[in-house]
Amino acid sequence: MAAALAVVETPSGKDAIAEGLLDLLKPAVQQLDLHVHSVRESQVELREHIDNLATELCRINEHQKVVLDLDPYVKKLLNARRRVVLVNNILQNAQERLRRLNHNVAKETARRKTMLETSGAFTPRSPSKP
């Protein structure tokens with residue numbers, strides 16, 4: 001147990017743990033970024049459909065011979081559109097933070113690998129050698 005703690009407390013042990021954590025988190029961040037991107041695309045498409053529907057309802061309301069009050073429905077659609085835009089902005093901010101996090105993870109991983117390689121503590125293993 002004391003030997004294991006000694007390994008963790010050495011700088012190379014900490015770097016190995018940090019690199020392992022970075023390698024563990026990087027795919028999750030990338031996957032989350034892809035999902036956020038697809039949700040944003042869906043949000044834009046939904047906003048366009050809401051705009052088209054609101055326009056069509058206004059046009060139908062203008063050409064209707066029977067007086068039918070569609071204004072409350074148009075207002076509900078516009079309110080839904082406003083919420084979609086708000087969620088889209090939140091997602092855009094989250095995606096930008098994820099992009100910066102991913103960039104920082106890649107930069108830190110490269111820095112640590114360079115630092116380990118220059119110190120001679122890290123030698124890349126060939127996949128064919130066990």
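Predicted model: local features only at pLDDT ≥ 70, side-chain atom pairs only at ≥ 80, totals over all residues.
Residues are numbered from 1 along each chain as its sequence is written, and side-chain values use heavy atoms, with hydrogens and water left out.

Let us start with the record. An unreviewed UniProt entry carries the annotation "coiled-coil region" for residues 77-111; positions from UniProt are given in the numbering used here, feature names are shortened, and such annotations may be inferred rather than shown by experiment. In the model, residues 77-111 are 100% helix and 0% strand, with 50 Å between the C-alpha atoms at the two ends. Helices here are DSSP runs of H or I with at least four residues, strands are runs of E with at least two, and both are numbered from the N terminus.

Now to the side chains. Searching the whole structure gives 6 salt bridges, each defined as a side-chain nitrogen of Lys or Arg within 4 Å of a carboxyl oxygen of Asp or Glu. One of them pairs R100 with E96, where the closest N and O atoms are 3.8 Å apart. Both residues belong to helix 3 (residues 71-119) and sit 4 residues apart, about one turn of the helix.

How accessible are the two partners? R100 has a relative accessibility of 41% and counts as partly exposed, and E96 is also partly exposed, at 32%. The classes are buried for under 20% relative accessible area, exposed for over 50%, and partly exposed in between, using a 1.4 Å probe and protein chains only.

Further along helix 3, look at E108. Its side chain meets R111 in a salt bridge with an N to O distance of 2.6 Å, and E108 also forms a salt bridge with R112, at 2.8 Å from N to O. R111 is 3 residues from E108 in helix 3, a separation of about one helical turn; R112 is 4 residues from E108, again about one helical turn. Which of these residues is buried? R112 counts as buried, at 17% relative accessibility, whereas E108 is partly exposed at 23% and R111 is partly exposed at 42%.
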